[in-house]
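Trainee: Could we go through this model together? I would like to start with the contacts between the chains.

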Amino acid sequence: MNDDATVHDRELQEVAQRLGARAAERLDLERMAQAVVARLRAEPRRRAWAWAGLGPTWLRIAAALVIVAGAGAIARTWWHGPAPVAGVVVPLGEDLSGLTASELRDAIGALDRPLEDETGSGVDVGLEGLGPDDLRALLRSLEG
Amino acid sequence: MTPAEPVAAVPTDAALIAAWEGGDEQAAAELVRRHARALARFLGGTGAPDMDVDDLVQETFIRAFRAVAKFRGQCRFRTWLMTIGGNVLRDAQRRWRRSRLVPLGDDVRAADGDPHEHAVAGEAEARLAAGLERLPPMQRDVFLLRAQQGLEYNEIAAALGTTPGAARVHYHHAVKRLKEHMT
């Protein structure tokens, strides 16, 4: 029984040793060695290109992030309306050089107010300080 | 003045690997010359079509040289190469399946020599190859490393990341299943 098993094992081994023998014999060792060396020689260049290739990839990611952030900012502005308009006490472009320190503090405080109120009651806060022109401008902007 | 110490006629694999890591391309070429045929036989045994063996051998060496820093001498370089070769072949087989390209089998490919003689001699090989294809990869690799390459279980276990006892069990399972397939 054991002898029989051994014979079978040996036969199996012999057949296994023949597997791939033809392909191995056909192999041109010198050509293979030169081909491998040539590819290895090219590898540093490939690595350099790979690193260079990272640049555009990161640029693409950065560009995508900028677009997403920009779109988010635009959407937020559109959704909330032009918030700064609601709190404008000193119209943009007005010469501030004639204002005193306390007047400037008041102006800055007024500019801060809409930001503080964003989480609160919304655009109706501070409308009482707007003149008819400002209100018309605000309505036009809300109408799009 | 004493003559310079003669350089060893046959450098060890470890010496060649160190030389390659130091930038000696000829050391890499020598490693290829030394191990390519054994690797080709192993790949042939694991189911690589003859026509693809050259490419697979080349790819195996490239991967091995790129990752040679990971080789810590846990087993012989040749054995390590064969484990890489097995992975290269599996990757290739996945690509072939995806692209639906079926490499020609030995039975339908033109062969050198007397066709009848080739058919008779190749019948057992074809049956064994078919049986090997049905084995789990670990059993197949253990069987080939043992039966074809003549490695000890310790060496096989170190290469495949298992224990010698487990390698022995894999081998016996493989032999049992292959015998069933061949009878």
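Trainee: How many salt bridges does the rule find across the interface of chain A and chain B?
Mentor: This is a predicted model, and in it the rule finds eight salt bridges across the interface of chain A and chain B. Over all chains, the count by this rule comes to 19.

Trainee: Which residue of chain A forms a salt bridge with K179(B)?
Mentor: The partner of K179(B) is D9(A), and their closest N and O atoms are 2.8 Å apart.

Trainee: And which residue does D50(B) meet in a salt bridge?
Mentor: The side chain of D50(B) meets that of R22(A), with an N to O distance of 3.9 Å. This pair joins two chains, because D50(B) lies in helix α3 of chain B, residues 50–66, whereas R22(A) lies in helix α2 of chain A.

Trainee: What about polar contacts, how many residue pairs are there across the interface?
Mentor: The rule finds 13 residue pairs in polar contact between chain A and chain B, with both residues at pLDDT 80 or more.

Trainee: Which elements of chain A give two or more residues to that side?
Mentor: They are α1 (2–18), α2 (21–26) and α3 (29–80) of chain A. Of these, α3(A) gives the most, with 14 residues.

Trainee: How many residues are in contact overall, and how much area is buried?
Mentor: In total, 32 residues of chain A are in contact with 39 residues of chain B. The two chains bury about 3400 Å² between them, and 60% of that is on carbon and sulfur atoms.

Trainee: Which residues in chain A lose the most area to chain B?
Mentor: Those are L12(A), L19(A) and R39(A), which together account for 20% of what the chain A side buries.

Trainee: Changing topic to chain B: at what angle do α7(B) and α8(B) cross?
Mentor: The axes of α7(B), residues 153–160, and α8(B), residues 164–182, cross at roughly 100° and come within 8 Å. That angle makes α7(B) roughly perpendicular to α8(B).

Trainee: Which residues meet there?
Mentor: From α7(B), Y153(B), N154(B), I156(B) and A157(B) take part. They meet P164(B), A167(B), R168(B), Y171(B) and H172(B) in α8(B).

Trainee: And how do the residues of that contact divide?
Mentor: The contact of α7(B) with α8(B) comprises six nonpolar residues, two polar residues and one charged residue.

Terms used:
Residues are numbered from 1 along each chain as its sequence is written. Chains are lettered from A and ligands numbered from 1 in the order in which they are written. This is a predicted model: local features need pLDDT of at least 70, side-chain atom pairs count only at pLDDT 80 or more; totals for chains, interfaces and linings use all residues. Side-chain values use heavy atoms; hydrogens and water are left out. Contact means heavy atoms within 4.5 Å. Buried area is the accessible area (1.4 Å probe) that two parts lose on being put together, summed over both. A salt bridge is a side-chain nitrogen of Lys or Arg within 4 Å of a carboxyl oxygen of Asp or Glu. A polar contact is a pair of N or O atoms within 3.5 Å; within protein, one must be able to donate a hydrogen and the other to accept it, and residues adjacent in sequence count only if both atoms are side-chain atoms. Helices (H or I, at least four residues) and strands (E, at least two) are DSSP runs, numbered from the N terminus. Axes are lines fitted to C-alpha atoms, for helices over the stretch in contact, and angles run from 0 to 180 degrees between N-to-C directions. Angles under 35 degrees count as roughly parallel, over 145 as roughly antiparallel, 65 to 115 as roughly perpendicular and the rest as oblique. Ala, Val, Leu, Ile, Met, Phe, Trp, Tyr, Cys and Pro count as nonpolar, Asp, Glu, Lys and Arg as charged, and the others, Gly among them, as polar.
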